[in-house]
Amino acid sequence: LVFHDHYYKQAERFQSRVYFRLFSSLLCEMHDLRDQLGEEVHKDILQTFGTAFDSIQPSIFEGFAFGWLTLITHRLFLPAMLQPQGRTSGGWDMLLRLFGALFKFFTLASAEGEGSGTLREFYPGICRLMLMLHRDYPEFLIENHAVLNAMVPERISQLHNLINSAATHAVAAEQPDPFERGLKINRLEQVRQAPPVHTDHEKVLREANVLQSVQKALGGALDETPA
């Protein structure tokens with residue numbers, strides 16, 4: 001509430017660096033106390049930070065956009081939320097909420113024109129984030145590709161390519177040379193292996209009020225493994 005009050009009263013005089021340092025310092029303090037707090041409490045604290053970041057997203061507070069992007073990619077926040085246990089502990093779901101807020105703002109900024117100053121400066125930060133995920137946490141992109149592709153504006157093919165080309169290091173090592181003469185992609189064993197999907201596709205269809213229609217069209221209940 002203090003952040004909201006200062007942001008709208010001070011307008012262009014809003015001191016975004018003060019709030020960035022506040023959140024960053026709190027993250028550092030909580031990280032230093034993680035052994036005393038315990039792993040479960042520390043996870044709850046990170047979820048609380050995620051909720052706070054979601055409430056001050058840049059589509060509402062555009063003047064804090066760059067500080068916000070730096071906070072959600074903070075070295076003491078993002079890697080902790082991306083850990084494998086984040087699949088079940090809520091870390092991945094929280095990050096999807098934050099990425100949804102990120103691309104919502106990006107879409108709004110894009111509507112103002114590609115030449116807008118905010119977009120020119122903000123887009124490289126998004127690319128660095130996606131490149132980091134592609135290199136260090138490909139499992140997150142793989143298992144959430146459907147949701148992430150839906151978030152990214154359709155015409156931004158560079159980001160779609162980063163999401164859709166993600167592969168684990170083990171899988172990437174087994175891939176054939178795409179320039180190999182006579183290569184038949186449809187005959188590779190890998191194309192018959194369904195990737196793991198973190199998204200609850202049934203929930204997505206239910207929220208869109210089309211679940212029953214899809215089930216009817218398919219002639220029964222949805223299979224647990226997405227096509």
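Me: Buried means under 20% relative accessible area, exposed over 50%, and partly exposed in between (1.4 Å probe, protein chains only). With that settled, is H198 buried or exposed?

Reply: H198 is buried, because its relative accessible area is 19%. Before we go on, this is a predicted model, so local features need pLDDT of at least 70 and side-chain atom pairs count only at pLDDT 80 or more, while totals for chains, interfaces and linings use all residues. Residues are numbered from 1 along each chain as its sequence is written, and side-chain values use heavy atoms, with hydrogens and water left out.

Me: Good to know. Where is the place of H198?

Reply: H198 sits in the loop between α13 (169–174) and α14 (201–207). Helices here are DSSP runs of H or I with at least four residues, strands are E runs of at least two, and both are numbered from the N terminus.

Me: Which side chain does a polar contact join to that of H198?

Reply: The side chain of D93, at 3.0 Å. A polar contact is a pair of N or O atoms within 3.5 Å; within protein, one must be able to donate a hydrogen and the other to accept it, and residues adjacent in sequence count only if both atoms are side-chain atoms.

Me: And which residues does H198 touch, not counting those up to four places away in sequence?

Reply: R87, W92, D93, L96, E143 and N144. Contact means heavy atoms within 4.5 Å.

Me: Let's zoom out. How many helices and strands does the protein chain have?

Reply: The protein chain has 15 helices and zero strands. Buried residues make up 36% of its 227 residues. Of the contacts with a separation of 6 or more, 63% are between residues 24 or more positions apart.

Me: How many residues are in the largest nonpolar core?

Reply: It has 53 residues, and F53, F99 and F140 have the most contacts inside it. Helix α8 (residues 91–111) gives the most to this core, with twelve residues. A nonpolar core is a set of buried Ala, Val, Leu, Ile, Met, Phe, Trp, Tyr and Cys residues joined through side-chain atoms within 4.5 Å.

Me: Which residues does F53 touch?

Reply: Setting aside residues up to four places away in sequence, F53 touches F23, L27, W68, L71, I72, F77 and L98. There's also a C-alpha distance to R97: R97 and F53 are 44 residues apart along the chain, and their C-alpha atoms are separated by 9.9 Å.

Me: Ah, R97. In which helix is its place?

Reply: R97 belongs to helix α8. R97 is partly exposed, because its relative accessible area is 41%.

Me: Back to histidines. Where does H74 lie?

Reply: H74 is in the loop between α5 (65–72) and α6 (78–81). H74 counts as buried, because its relative accessibility is 10%. Apart from neighbours within four places in sequence, H74 is in contact with S24, L27, C28 and P79. The C-alpha atoms of H74 and L27 are 8.7 Å apart, though the two residues are 47 residues apart along the chain. L27 is also one of the residues that F53 touches.

Me: In which helix does H160 lie?

Reply: In α12 (residues 157–164). H160 counts as buried, because its relative accessibility is 12%. Its side chain makes a polar contact of 2.8 Å with the side chain of N149. Beyond neighbours within four places in sequence, H160 is in contact with N149, V152, P153 and E154.

Me: And V147, in which helix is it found?

Reply: V147 is in helix α11. V147 touches L96 and T199, not counting residues up to four places away in sequence.

Me: Last topic, backbone angles. What is phi of A11 near?

Reply: Phi of A11 is near 50°, a positive value in a residue other than glycine. Most residues other than glycine have a negative phi. A11 lies in the loop between α1 (2–10) and α2 (16–32), and A11 counts as partly exposed because its relative accessibility is 40%.

Me: What about N209, where does it lie?

Reply: N209 is in the loop between α14 and α15 (211–218). N209 has a positive phi of about 60° although it is not a glycine. N209 counts as exposed, because its relative accessibility is 69%.
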